[in-house]
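Let me put the structure up, and then I'll walk you through a few places in it.

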Amino acid sequence: MQGLFSAEGKFYTVCSKIVDMVFLTLLWLVGCIPIVTILTSTASMYHVTVKCIRYERGKVFEEFKDACRKNLKQGVGLTLLYGGIGVAVGFLDYQVFFLSQSRTMPIFILAVGMVILSVLYLINVIWLIPVFSRFSNTFGKIVRLNYVIAARFLLRGIPIVLILAAAVIMVLASFPLVILSPPLTMLIISYLTEPGLHKYMPRQEEDNGDWRYGFK
């Protein structure tokens, strides 16, 4: 019992991680305020969640600050690109929704096609978060790499979408959960995304302690 509540016990460790996640949520919310920095802030949150909370390396504030500074310029460009595509897809969904009231077969086929397109877009955006947080390259190569990884692990994107949907529903049902939900969701998602990211990282001949390869 004494070991449970010691500084190295499970209770202290869990409480410490909860505090880190709350602090990380606040950093993420502040980082999203300019709107065009949403991807930068979210990718930084994923990075800190995996490194500091999952693998217990580094300090939350320092890692978040460094990640934001490193990815700011490309993050703004990617946010504008994928945001613009999202607006276009959303507009088409809106138009098809009203057309679907005619209940004709061509419109039904069009509606099904738009649902598939919307899901593929969402999966691609979701994969962009871990891909952008992990890999440093030119703007175009990041976009291409993201499409390659999202396509290769397409089926893995479905449970990720469901996890995100569940997180949103929980926050809507009880808004105070927003203070913990974003990094906790990223933590759960990382168990699906990290194996995919590892496929595109340089091979390591031995365990050199690099947290990016899943070594404690």
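Predicted model: local features only at pLDDT ≥ 70, side-chain atom pairs only at ≥ 80, totals over all residues.

Before I name any element: helices here are DSSP runs of H or I with at least four residues, strands are runs of E with at least two, and both are numbered from the N terminus. Leucine 81, for instance, lies in helix α3.

Residues are numbered from 1 along each chain as its sequence is written, and side-chain values use heavy atoms, with hydrogens and water left out.

So, the overall picture. The protein chain has 7 helices and 0 strands, and from the N terminus on the order reads α-α-α-α-α-α-α. The C-alpha trace spans about 70 × 40 × 30 Å along its principal axes. Of the 216 residues, 37% are buried; buried is under 20% relative accessible area, exposed is over 50%, and partly exposed is in between, with a 1.4 Å probe and protein chains only. As for contacts, meaning heavy atoms within 4.5 Å, take those between residues at least 6 apart in sequence: 70% of them join residues at least 24 apart.

Let's go to α6, residues 154-173. How far does this 20-residue helix reach from its first C-alpha to its last? It reaches 29 Å, close to the 28 Å expected at 1.5 Å a residue, where the expected span is 1.5 Å times one less than the number of residues.

Which residues of α6 are buried? They are Gly157, Ile160, Val161, Ala167 and Val171. Look down the axis of α6 and those buried residues fall within an arc of 125 degrees, so they line one face of the helix. The arc is taken from the directions from the helix axis to the C-beta atoms. Over on the other side of α6, Leu155, Leu162, Ile169 and Ala173 are exposed.

And what covers the buried residues of α6? The cover includes α4, residues 105-134, and α7, residues 181-198. You can see the α7 part through serine 181, which sits in that helix. Serine 181 is buried at 13% relative accessible area. Leaving aside its neighbours within four places in sequence, serine 181 is in contact with Ala167 and Val171, and both of those are on the buried list for α6.

Who makes the contact? From α2 we have Leu39, Thr40, Thr42, Ala43, Tyr46, His47 and Val50, and from α4 there are Leu128, Ile129, Pro130, Phe132, Ser133 and Arg134. Those residues divide into 8 nonpolar, 4 polar and 1 charged. Here Ala, Val, Leu, Ile, Met, Phe, Trp, Tyr, Cys and Pro count as nonpolar, Asp, Glu, Lys and Arg as charged, and the others, Gly among them, as polar.

Zoom in on serine 133 in α4. Is serine 133 buried or exposed? Buried, at 13% relative accessibility. Not counting residues up to four places away in sequence, serine 133 touches Ala43, Tyr46 and His47.

Most residues other than glycine have a negative phi. Isoleucine 35 has a positive phi of about 70 degrees although it is not a glycine. You'll find isoleucine 35 in the loop between α1, residues 10-32, and α2, and it is exposed at 55% relative accessibility. Glutamate 56 also has a positive phi, near 55 degrees. Glutamate 56 is in the loop between α2 and α3, residues 60-99, and is partly exposed at 47%.

Last stop, back to leucine 81. This residue is partly exposed, with a relative accessible area of 33%. Setting aside residues up to four places away in sequence, leucine 81 touches Phe139 and Val143. Its C-alpha is separated by 30 Å from that of phenylalanine 175, 94 residues apart along the chain.

That's my tour, so over to you.
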